[in-house]
Amino acid sequence: MLRTRAIPLAKSVARPIQQTQRRGYAAGGAGGSSNLPLALGLAGIAGLAGYVYMDRSSRAAVSANAHEYADRAKDAAKDAAGQAKGYVNERTSAVSANTNEYLGRTKDAVGDAADKAKGFVNERSSAASANLNEAIDRDPSASTGQDLKNKAQAVGAAVSANTNEAVSETKDAVKTAKDTVKGPFDEEKKATGEAGTGVVKALIKNNWVDLKLEKVEPYNHNTNIYTFSFPDPNATAGGETASALLVKAADGQTCLDDKGKPVIRPYTPISPQDQKGSLDLMVKVYENGKMSQHIAHLKPGETLSFKGPIAKYAYKPNEFTHGFAIGGGSGITPMYQMISHSLTLPNDNTKWTLMFANVTDKDILLRERWDKLAKEHPDRFQVVYSLDKPPYFWRGEKGYITKEMIQKYLPKDNAKDVKFFVCGPPGQYAAVCGPKDGMKQGEIKGALGELQYDNDHVFKF
């Protein structure tokens, strides 16, 4: 740059002097001395001007390079943070129902890691740019632009290296966050004996999760099936068979007891635990039932708070030869969850009898499903209906469930290797097996007590 700016200027000054000398004119001064020193002086001035121009141009070029590298660093950081944010959003949909007691903390960890990495890149880029400007200010007297160019390249390389380092740290942080998310959820599916697939669970055992009501399907005159969706369409409710969920009003204020506290009730889903994207509740509406009335007045798009699953009985295939379920009214839902699950397991040989008591035939819940299971599995499942007010041509059992009615359907070959499951209204508990003792199973009384079955053979939901 010095050659292209200073030398032509010197030549343009010297050329008229040389022409004057060739024409024979005196150049001024005693003895006709030459004007060449003047030309050289002017050339020196031109050289200085060229250096000043070069210095300013070099500074501009270096500054432009610094900004270019800084922009690249910010773009790389933005891409890295975008990848982290994308993963967070991906998990949040599964995670926002949020899928286990560690879910919220894991989401925050991923976001913090991405923000930290992004901040690190910006910090490094700013420091590198500041170092470049400082280097230029300290060395303004360089004889050529090469030194400044070298400095710019060195600082640019440092910015690029810092960016790559920050991007690498971001990727590592995201990978660590992924492992943190996957770990708690990567459980095996129980009751099948096969390894699970690490499906994310939509519910959290120790925290309330709001789920949106998608649809309401009327079942009969006082019972509906409610479908609640998960934020992640691939998430499942999870839990063992059989397990229940606790529910309360989403706002915590709409459904209160007499003491002003939120009403909390347990419900057993009728959908499989591995059903993706949603769960189904069958709810019988009682005139004085605060929670059932609250649920009955929900509209699609509104929410209900859930907590769980809460294990009631850990069913194991082939644990007993014959299962005998005795249910009444809406107490049929845990029976459906357990029996339908057992019948889907290819290596489970457990046989089942369901004795279901109701007032009228219109009160029989899930009847079409029970009849279908009996038709599909005639060697493993039979269903017995008993009605207080049967229709004229009723061919099933009549009245309350008694000792004699139970004996009639017990397996003849091995009546002792039977496990009874009871769930129904208080009157039925008293007549069939005796009431529970708070959270304990309590003594076996009633019909099963008379048949000499003990707590090892009877489970009260």
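Strand β9, residues 381-387, is largely enclosed by the rest of the structure, because six of its seven residues are buried. The model described here is a predicted one.

**Strand β9 and its partners**

- Strand β9 pairs with strand β8 in the parallel sense, over seven bridges.
- Within this pairing, L354 stands opposite V383 of β9.
- Strand β8, helix α7 (residues 367-376) and strand β9 together make a β-α-β unit, and this unit is right-handed.
- Strand β9 also pairs in the parallel sense with strand β10, which covers residues 397-398, over two bridges.
- Here L387 stands opposite K398, a residue of β10.

**N358 in strand β8**

- N358 is found in strand β8.
- N358 counts as buried because its relative accessible area is 7%, below the 20% limit for that term.
- Setting aside residues up to four places away in sequence, N358 touches G329, D363, I364, S386, L387 and D388.

**Nonpolar cores**

- The largest nonpolar core has 54 residues, of which L354, W370, I406, F420, L448 and F461 touch the most other members.
- Apart from this core lies another, made of 25 residues, with L203, I204, Y226 and L279 among them.
- F420, one of the residues that touch the most other members of the largest core, is in contact with F324, I326, I406, L410, L448, Y453, H457, V458 and F459, when neighbours within four places in sequence are left aside.

**Aromatic pairs**

- The structure holds 16 aromatic pairs.
- One of the pairs joins W352 and F421; it is tilted, with 6.0 Å from centre to centre and 35° between the planes.
- This pair links distant parts of the chain, since W352 belongs to strand β8 (residues 351-358) and F421 to strand β11 (residues 418-423), 69 residues apart.
- W352 is buried, with a relative accessible area of 1%, and F421 is buried as well, with a value of 0%.
- F421 also forms a tilted aromatic pair with F459, at 6.3 Å from centre to centre and with 55° between the planes.
- Because F421 lies in strand β11 and F459 in strand β12 (residues 458-460), this pair ties together parts that are 38 residues apart in sequence.
- F459 is buried, and its relative accessible area is 14%.
- Ring pairs join Y313, Y315, F320, W352, F421, F459 and F461 into a cluster.

**Charged residues over rings**

- R367 lies over the face of Y385, at 5.2 Å from the centre of the ring.
- K416 lies over the face of Y453, at 4.8 Å from the ring centre.
- Y453 is also one of the residues in contact with F420.

Terms used
Residues numbered from 1 in each chain as written. Predicted model: local features only at pLDDT ≥ 70, side-chain atom pairs only at ≥ 80, totals over all residues. Heavy atoms only, no water. Core = buried A, V, L, I, M, F, W, Y, C linked by side-chain atoms within 4.5 Å. Buried < 20%, exposed > 50% of the residue type's maximum accessible area, 1.4 Å probe, protein only. Contact = heavy atoms within 4.5 Å. Phe/Tyr/Trp six-rings, centres within 6.5 Å; stacked < 30°, edge-to-face > 60°. Helix = DSSP H or I, 4+ residues; strand = E, 2+ residues; numbered from the N terminus. Lys NZ or Arg CZ within 6 Å of the ring centre and 35° of its normal. Pairing = 2+ DSSP bridges. Right-handed = clockwise from strand over helix to strand, strands pointing away.
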